[in-house]
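Subject: Structure for you to look at

Hello,

Here is the structure I promised to pass on. Please open it and keep it on screen while you read my notes below.

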Amino acid sequence: MKTLVYIDHFKGEIQPASWEALGLGKSLGSVSAVVFGANVDAIAKAAFEHGADEVFVADDSSLEDYRAEPYASTLSALASSSTPDLILFPTTARTRELAAMSAVDLSTGVLTDITGLEANGDSLVATRPIYEGKVMEKSVCNGKPVMATIRPRAFPKPEPDSSKSGIATKIEAKSDALTTVEGYAQSESAVNLGDAGVIVSGGRGVSNNPSLQPPAGMDDKEAEVWRAHQGFALIGELANVLNGAVGASRAAVDGGYIPYAHQVGQTGKVVTPDLYIACGISGAIQHLVGMRNAKVIVAINKDADAPIFTQARYGVVGDLFKILPALTDAFKKKLGK
Ligand SMILES: Cc1cc2nc3c(=O)[nH]c(=O)nc-3n(C[C@H](O)[C@H](O)[C@H](O)COP(=O)(O)OP(=O)(O)OC[C@H]3O[C@@H](n4cnc5c(N)ncnc54)[C@H](O)[C@@H]3O)c2cc1C
């Protein structure tokens, strides 16, 4: 099996699931990494260290910023000349677009957000969760090459080995973009819950601390949001100590406590961290479908009968405003921070 793996990055910052895709490709046969951008030698070097047998690099100022047209044309030209059996991508907003455009060029299809891939005779059978994770779908792509985007943290990540190296093969960039990127602005949607190993999430309960006195002049709703911000500050501190990300329930997002980019669940992100700490979240099914595949779930809730406890490995019944500071202090001591 000959596999190309697209290494997705933003200004040199590599999406970790790119390495997971590389590891998957390696487990099936020979694997070539594909790196696009400008001044990307460091990424090509990292690809060899993560186990690539070969690295194709299109290093050109016209590819400095991701745009679908030149990236897809460059990838399609490479796939046409190198005739891989399989092209793998980490699932990101960019690769969903890139894989789809390139699949049109190559007259093939894309299996999206897969969590498993097995060879069965001549076909590759992909697994992916559907219907909120209740059913695992098996699907095949009848085109060639098979293209697939993999869900972050669904496959093991190979350990880098700095003794591995190689000389990258330069390929031509197809600079057919009719657009240019003028700049970027920081956005809350930069929250990357998919790759986080630890997520500390807050729900409606983060606003429930009547003893906190809001500044004078606030109406009830303003006071609720102000209290919620104090609660999310505690969540942020714990996430920070654990090098984790901050998640939220939909009630917290709808309440205006925190932006939508943090929402976990059916209409938010589906996450699979090693550790998920749910604070003041009741455990509605629409929230559970987004986080129940976390390796370890910890729930902090005042109500001992809250459904979240049915999913939790560890449960703490009590007031999050008391428990979170104590937990953060304990982790700081334990981790020497
Ligand atoms: C079509 C659809 C899609 C949806 N999609 C999503 C989704 O993607 N994600 C999502 O989360 N929800 C989603 N929902 C909403 C979902 O049904 C629930 O309403 C929501 O998850 C509830 O959020 P919550 O647990 O924060 O709030 P609540 O259910 O109100 O629970 C708050 C919890 O906080 C606890 N609490 C209160 N004060 C404290 C305190 N001081 N300390 C500790 N605990 C405290 C309470 O005991 C309670 O259990 C969706 C609903 C629908 C209909």
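The lining of the largest cavity splits into five nonpolar residues, one polar and four charged. Keep in mind that this is a predicted model. The lining residues are Y6, H9, F10, K11, E64, D65, Y66, Y71, R94 and Y184. The space inside comes to about 80 Å³. How many cavities of 30 Å³ or more are there? The count is one.

How is such a space found? Rolling a probe the size of a water molecule over the atoms shows where empty space is left.

Now turn to helix α4. R94 is one of the residues lining the cavity, and R94 is also one of the buried residues of α4.

Start with the length of α4. The helix has 13 residues, numbered 93-105. At 1.5 Å a residue they should span 18 Å. The end C-alpha atoms are 19 Å apart, which agrees.

Next, which residues of α4 are buried? They are R94, T95, L98, A99, S102 and A103. Their arc around the axis is only 145 degrees, so they sit on the same side of α4. On the other side, A93, R96 and V104 are exposed.

Last, look just past the helix. S107 follows α4, and its phi is positive, near 50 degrees.

Best wishes

Notes: Residues numbered from 1 in each chain as written. Predicted model: local features only at pLDDT ≥ 70, side-chain atom pairs only at ≥ 80, totals over all residues. Heavy atoms only, no water. 1 Å grid on protein atoms, 1.4 Å probe; cavity = no way out; pocket = protein on both sides within 12 Å on 5 of 7 lines; lining within 4 Å. Points joined across faces, edges and corners; volume = space filled by probe spheres on them. Nonpolar A, V, L, I, M, F, W, Y, C, P; charged D, E, K, R; others polar. Helix = DSSP H or I, 4+ residues; strand = E, 2+ residues; numbered from the N terminus. Expected span 1.5 Å × (residues − 1). Buried < 20%, exposed > 50% of the residue type's maximum accessible area, 1.4 Å probe, protein only. Arc of directions from axis to C-beta.
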